Every structure is written in C-alpha cells, then in structure tokens.
Amino acid sequence: MSPFAASLRREWGRLRASPWDWAMVSWVPLLALGLMCWIFSAGQPYRLPIAVWNEDHSSLSRQLVRMLDATPGLQVRQTVLNRGEAADALQRMQVYGVVHIPPDLARDVKRGAGGTITLLHNAQLATASSLLQRDVRQVVGTLSAGVEMQAAAKRGSPHQALRVQMEPIKTQLVALFNVSTNYEQFLAATLVPALLHILAMTAGAWSVGRELRERTLGEWLSPDGQSASLARVAPALLGKLLLPAALLWGSGMAALLYLAQLRGWAVAGSMAWIGAGLAALIVLSLAAGAALAGITLSLRTALSGTGLLSAPAFAFSGVGFPLLAMTGSARGWALAMPYTHYARLQMEQWQMGAPVAQSLPVVCGLLLAALVLLALASAGLLRGLQRPDKWGGR
C-alpha cells in the first residue's frame, strides 16, 4: 500500500476510534457554523432601547418622543427624571443611549432662537452607538425641517420653494455593495471562513502533534522499520490531512450555501471560485498547523502557535477595521495572514461580482504557500524521526 493510502486508512481508523477527535472535524464545526449563522440571522439591529430625559414637557417635545419611538431602529424603553437616573441607566446598560430634551425647547423654537437635543451614549459600543446617532439625527432633522417649513409657510413663502430653501445643496449617497447594510450578508459570511481557519490550523497541529505525544511517529511514517525519506513522509502527511480538509471544507460550503440559497444573499460572482478559495485556505491552514507541530516537535507549542496566528486573523483582515487605516506594521501583519487574502476574494466574488481573473492570484498564492508549509512540515517530521528523545512530550 502506498504511504498516502496507508496514512489515509490509518487516520480514518483513529478518527473512528476517538469520538472527540471525530467530533472536532465533523459535527462540532457544523454546530459552530450553524450558531454563527443563527446569531446574525436578524440581519440588522432593531428596536435598540433608549431612555428620554424630557425637561420641556411641551407638545413639541412629546412629538419628538413619539417620533423616536416610531423609528424602527429605536425603542423608548424608559423615562428618566434627572442626570443621576440617566447615568445609572447607561452604566447598568439598561439602555444604549439617553436623549435629553432641554427645558423651554418649544419656547426657544417659537422665538427663533433654536434648541439643542443631546444624545448621551456609550461610544465604546461602536455598532449600537453609530446606529443611535444615525436614527436620532434623522428624527431630529425631520422634526426640525417640519418646524422650519411651517414657519416659512406662515411667513408666506411659496410651497414650491420651501424644499429648495430647506436643502439648497443635496448629498447623494450611492451604496454599490451591501445596499441594505445587512450584517448577515458581510459579517456572518466572513466569520464562517474565519472560524474554519482556526479549526483547520488546530486540526493540523493536533493530528501531527498527537503522533509525537503518543510516541507513534515511527509507526505512522515508517511502519516497516525502514528509514524514511522525504518522498515517503510528504505523501503520508497528505493522507493524514485529507480527511480533516474534506470534512471542514464540506462544513464551510454548507454554511455558505445556506446563506446564499436559503437566506437569499445571491452571489454576484462565482460561487465555485469561492469554494476553490475556501479549499485553498483550509489546506493552507492545515499545513500551517502541521508545520508548527513538525518544526517544534511539541503538541503544546504547536497549539499555542496556532492560537497566536489564527485567533486574531479576522481582526486584521480589514473586514472589521479598515486595512488602509492601519499603521504600517499592523498592515504588514495583516497582509502576512492568509485569511486576509481569502476575505478579499470572498467579498470580491460574493458582493462585487469581480472577474475571476482578479481573484486568481489569491488562490494561486494560497496554494503556493500551502505547498511551502507542507514541505516545511515534512522536513520537520523527517527530522523528528531521528529524534526519538522528543517523542512523548506534551
């Protein structure tokens, strides 16, 4: 039997004999990806709770409160009477923001002096804070425009000229991608491969590191007792990683197809090319984990390195924080991470409908890096065969 087939058969037997190892590459990834898709299934945050601190108690302020509560993104959850209650509601996180209506607002507006509506919010909660600012600004702007148009109409201004007077210069904002600003479309779809990247690196480090920990490296790579060579170690490594690669890729494609087909987020480009890129990312991740185990000859060190490299990959990918706004060192670290390049490929194909030729270098680069890492892992394992004193370590 060839080293590849023997290693594949042996790995299949080990997975069947170990329920926990089988779970980590089969139903646990499916469960985690399903939970990820469920978390973002709402798409957009609605009815964010706010409090109102109304010191005016006029018909104008009551109209403002009604408009705030009628906005889909806001819900007036409670009314506070003073600054202490407002601070307490924010600190307890009972509400995301407090809208303060100052005293004599209606009187100042009637006199033409104007008034100021204050939004108190926690900017550390960036998503909720930005949504609150957007909705409150729209409500206050709509109310202010209505008051000004009524005043202008009473002064005899023609109705046709009111709109031009209120907004002589307009801003036209055109969203080219993710027009609905839905978090499921871009965040859930990009977190799926990020989670698979972590699981694949862990699986690669564990599969190889387990042979070292259990002192079965020679049994795996040299079962007949003959001296192993790179031509024998490399196929054996590929046979060991084939099953985790196929299972993890299948889980990832099931989650992405669920988002594309059942959730209605149609792919503007090529779903097949997204699948090819995901396969390249998973193979590279498995190879990286195996290389860490092969080079360090330590399961514990390999798993630690896996967490160091894969866990922050999403944060540096440019999805959550703009890549062009990072410092030079942070951008260099981001570009060194394989997930950054895959995330770009997926967004290009899924949302932008970019030509396949634009994403071709990404897939080729991921596959080339995977080959290099597989070669490093094979060389490390070949060296490990000559160091039985390293076997059995944790």
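**Figure 1. Pairing of Ala51 with strand S2 in the predicted model**. Strand S1, which covers residues 48-54, runs parallel to S2, and 5 bridges join the two.

**Figure 2. Helices H4 and H5 on the sheet**. Helix H4, formed by residues 59-70, packs on the sheet and touches S1, S2 and strand S3 (97-101). The direction of helix H4 makes about 130° with that of S2. Helix H5, formed by residues 83-91, likewise packs on the sheet, where its contacts are with S1, S2, S3 and S4. Relative to the direction of S3, that of helix H5 lies at about 160°.

**Figure 3. The open sheet of 4 strands**. The strands follow the order S2-S1-S3-S4, with mixed pairing. Strand S2 (74-79) and strand S4 (118-121) form the edges, each pairing on one side only. From one strand to the next, the twist averages 30°.

Figure 4. The side chain of Ser310 reaches the backbone oxygen of Thr306 at 2.6 Å. When residues up to four places away in sequence are not counted, Ser310 touches His197, Ile198 and Met201.

Key
Residues are numbered from 1 along each chain as its sequence is written. This is a predicted model: local features need pLDDT of at least 70, side-chain atom pairs count only at pLDDT 80 or more; totals for chains, interfaces and linings use all residues. Side-chain values use heavy atoms; hydrogens and water are left out. Two strands pair if DSSP finds at least two bridges between them. Axes are lines fitted to C-alpha atoms, for helices over the stretch in contact, and angles run from 0 to 180 degrees between N-to-C directions. Contact means heavy atoms within 4.5 Å. A polar contact is a pair of N or O atoms within 3.5 Å; within protein, one must be able to donate a hydrogen and the other to accept it, and residues adjacent in sequence count only if both atoms are side-chain atoms.
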